[in-house]
Amino acid sequence: MYAFTYHRPATARQAAGLLAKKEDAKILAGGHTLLPTMKQRLASPSALIDLGACADLKGIVRKGRNVVIGAMTTHAEVAESAIVQEAIPGLAWLASHIGDPHVRHRGTIGGSVANNDPAADYPAALLALDATIVTNTRKLGAEEFFTGLYETALEEGEIITRISFPIVSKASYAKFRNPASRYALVGVFVAKRGSDVRVAVTGAGESGVFRWPEAEAALKARFAPKSLDGLKATAKGINGDMHADPEYRAHLIGVMAKEAVARATGK
Amino acid sequence: MSATGIGAAVRRKEDHRFITGQGRYTDDINRPGQAHAYFLRSPHAHATLDKIDTKAAAAMPGVLGIFTGDDLTADKVGGLICGWMIHNKDGSPMRAGPHPALAQGKVRYVGDHVCVIVAETLAQARDAAEAIVVDYGVLPAVVDTASAAGAKTVVHAEAPDNTVFNWHLGNKDATEKAFKAAKHVTKLDIVNNRLVPNPMEPRAAVGDYDDGEGAFTLYTTSQNPHVARLVLSAFIGIAPENKLRVVAPDVGGGFGSKIFIYAEETVCVWAAKKVRRPVKWTSDRTEAFLSDAHGRDHVTHAELATDADGKITALRVHTTANLGAYLSTFSSSVPTYLYAPLLSGQYDIPAVYAEVDAVYTNTAPVDAYRGAGRPEATFVVERLVEVAARELGKDPAKFRMQNYIKKFPHQTPVIMMYDTGNYAASMKKALEIIDYKGIGKRKRDSARNGKLRGIGFSSYIEACGIAPSAAVGSLGAGVGLWESAEVRVNPVGTVEVLTGSHSHGQGHETTFAQLVSGRLGIPIENVSIIHGDTDKVQMGMGTYGSRSGAVGMSAIFKALDKVIAKGKKVAAYVLEADEADIDFADGHFKVKGTDRTLDFGSCALQAYVAHKFNGQDLEPGLKEGAFYDPTNFTFPAGVHICELEIDPETGITRIERWAAVDDFGIVINPMIVEGQVHGGIAQGVGQALLEGARYNADGQLVTASFMDYCMPRADDLPSFDVGMTVTPCPSNPLGIKGCGEAGAIASPPAVINAITDALGHEDIAMPATPQAVWRAAQKSIKRMAAE
């Protein structure tokens, strides 16, 4: 690790002020990706701005037909939240299956979303639930937010403050874990909101999280696992590595989508 | 049996300090004034070292010294050694290139040691490393085991075709004849996947130099500190043995990888004198992946001949073994004498012939890893036997039993003289545990749920307790493999045992104390086991090859014989009786036929008080030592049966049941032995389903972290059903055979035999990852559809 200065602002506003002032500063929002990278000397920010003390970035509330989660809310807090469990149980289930207990108690939803690791779980939920990402300067739809591998629409100096999830009628997630890292080799989030159905896939796309329109069309006709019988995701644009080549990953998208629908429909 | 003697499931004495965080590992040791070493490692698999410019780095803050291979040479520090000489088929010695602790002229694998930076802090040493400019002349790399021999790229000029040796064992003519006469021949091509040992504690070293005494101390993560001292002193030339102390404190796992003498400890102890400061190095996990000696990595073609009755008549193999870029300490023995002599398995096979080619490649050195050669042999034999049974339409359990050795001692065609065993007893017990009769129904139930269920056998044998010094000497070992022990009785009757064995997780502090407690009739709390310090224990050969019970404890047993004999002499004086009339039992010396007794503690006190006898007839004191050299290897054997279910949709393999029936001879502590079996199976399942070190064509290790190298986790494993059979080992006084490696030896073929049973074809290699199994299952489904 190289030397850096450490800052612990008390509010998001202070954090934004520091971020604007410090060159090469990085936001610390859990640090489960950033800190190991710094230890390996692969990242060398001059300053770390730890959002851990920003009370205004924490907490979960229900606002009308939405569940709003503060950016610095940990995965464990989302998983255990009575509000989330009641309103969008599939999202709580997803949070309860991120990483391991260490990760779930340090990692945050804002950190995960801002990092946009192509094998992270949350991006699939945000995309399928059509969530809104609120920053210190604006609001962004999930579709426009995730722009590529580890890339988002966030601009310099911009900090995610909260994420707003519309409450849907049915939703759930299924993932096939990478045997070694236990990240999502393929993760599929399905959500049914009125007549609309969204299917979002993480872990598999060459350019990150994406929607699977064929599955959405099939599920719109009938939201049941059977509707996906015989439907195959294309291996085009799908990631390949030593753990899973594109063909296997594409196959698993179908298997996981079915599993997610089964879980969402209680079957 | 006493409550703490042999056979009792005594809770581990050492666990209090381990589970309360009070273990003392090498990295916990900090010497006053300690500096830190950082090794600049090669990012290339193969390159000439054209220039190492350290000028800017040397001037950086905190830097105490930067050293290269030339500095070692200037100080007459020799290279690392390989301690086992193998001869080629034609009788010529193996072709080995030099193995400098710091590279000279060339780097040969990613992670090879370019130079070392010693600085006040580790961060300063790393900063300085980044300022060193190395001109590499990058060369093509040779990586692949099967094609290394004769590749254009040459790793060492001394081995121009990258071949270290072409070795063979067995009876070639008889084997060829038997194959010509065979009714059926089973053929298999097998890859035994390369593994990274990954002990929980990474390697570490602290070198210290005392200028006043002119003496060095090395604290290091070693399974055999005396062997480390011998090599560092006699071969590498750090200092004479009386000026070099090696301490291996608590060691957090080794699995073989901490047997070897590595570059890092050599450099740390040497550099301590150069900078006149203690020098510490602790491996980080990436360095461990890159530079700990790896295991396995064989490519084999194997054939089994059977006659018209299904009797096995011959076995032959050709194996290419990848030894990596340099010959590690015992690397050459692993694919030869620890491998081919086990190719007869548990079977009466009249003719066996093995050819082994060992190759250099631009990869990390490969050496002994839990089982060392024996897992590779067992995998070959047990896959061949299983497939032969299938091809012949025979039940795999019955086919094995038909071919088991039934009379002992049994001389195999490949060196080994099996002393005792009852293989069918283990098989029968394992079949009962797994409910073999019900497998048909369970397979049908799985099929109804769209799953594929399979069952796989493994009848393994291993040679442990290595080994008779004369025998291993005749096979090329540089040293004999005896063990030493010293039993020091204190005046109050408490006991310290100094042993040359070294515990790195095995629980010696408990099991060795059980032996002493039982034999001397004293509380186990009164016994302390001391190991791992060359200043305390005079000499020893260390712990590997499941030898600490069979060899290490036998040395203690011999020393205890002497303590009891001396005690009888003391008791005779005190009790005023004839020495021949003194019996010793249950902690008391007793005059035969009388009620006159002397308890062990009082006897010890009298031995030191020494008022009752004069020093001419009987020396004061109660302390005895012994060296024990075994008369034979020991032969633990058993049967493991794995039952599993494959989900053809995802390729996930779930192990549903596991029966393990092992014959370890006499068991000292059944709880610890069961733990060894569990851990061994976990490691073997890891090899079969999850683990595999992979280099790309450029020689980069692409599985250099736990993100990509898959270790077994608790939820990958079933609950194990462990059973035992016992045939006491006749070649050591305790009847012990050894248990440390059995699980890792037995389990890989059991898993793969079960997977191939489920799949209905043999086309799968280790590790059988979900992707590989899914693909293989698609083939099964296509075949089933075609049928």
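Visitor: What separates domain 1 of chain A from domain 3 of chain A, counted between C-alpha centres?

Guide: In this predicted model, the two C-alpha centres lie 34 Å apart.

Visitor: What makes these domains of chain A, and where do they run?

Guide: The bounds come from an automatic or database domain assignment. For chain A it gives domain 1 at 5-53, domain 2 at 57-166 and domain 3 at 170-264.

Visitor: Which feature does UniProt place at residues 1-170 of chain A?

Guide: The unreviewed entry has "domain: FAD-binding PCMH-type" there. In the model, the end C-alpha atoms of that span lie 45 Å apart.

Visitor: Now chain B. How does its radius of gyration stand against that of a compact globule?

Guide: The globule rule is 2.2 Å times the number of residues to the power 0.38. For 787 residues that comes near 28 Å; chain B has 28 Å, so the value agrees with a compact globule. Along the principal axes, the C-alpha atoms fill a box of roughly 90 × 75 × 50 Å.

Visitor: What makes a residue of chain B count as buried, and what share of the chain does?

Guide: The cut-off is 20 or more other C-beta atoms within 10 Å of the residue's own. Of the 787 residues in chain B, 56% are buried.

Visitor: What share of the chain B contacts join residues at least 24 apart?

Guide: Take the contacts between residues at least 6 apart in sequence: 80% of them join residues at least 24 apart. The secondary structure behind this chain comes to 19 helices and 28 strands.

Visitor: Which stretch of chain B carries the hammerhead annotation?

Guide: UniProt, in an unreviewed entry, puts "domain: Aldehyde oxidase/xanthine dehydrogenase a/b hammerhead" at residues 20-140 of chain B. That span is 16% helix and 29% strand, with its end C-alpha atoms 50 Å apart.

Visitor: What makes two residues of chains A and B partners, and how many take part?

Guide: Their C-beta atoms must lie within 7 Å. The contact takes 14 residues from chain B and 10 residues from chain A. On the chain B side, helix 19 (residues 770-786) gives the largest share, 3 residues. By class, that side has 8 nonpolar, 3 polar and 3 charged residues.

Visitor: How confident is the predictor in chain B, and what does the model score?

Guide: Chain B averages a pLDDT of 96 on a scale from 0 to 100. At least 70 is reached by 100% of its residues. The model scores ipTM 0.95 and pTM 0.97.

How values were computed: Residues numbered from 1 in each chain as written. Chains lettered and ligands numbered in written order. Predicted model: local features only at pLDDT ≥ 70, side-chain atom pairs only at ≥ 80, totals over all residues. Helix = DSSP H or I, 4+ residues; strand = E, 2+ residues; numbered from the N terminus. Nonpolar A, V, L, I, M, F, W, Y, C, P; charged D, E, K, R; others polar. Buried ≥ 20, exposed ≤ 12 C-beta atoms within 10 Å, placed from the backbone. UniProt positions renumbered as here; feature names shortened; annotations may be inferred.
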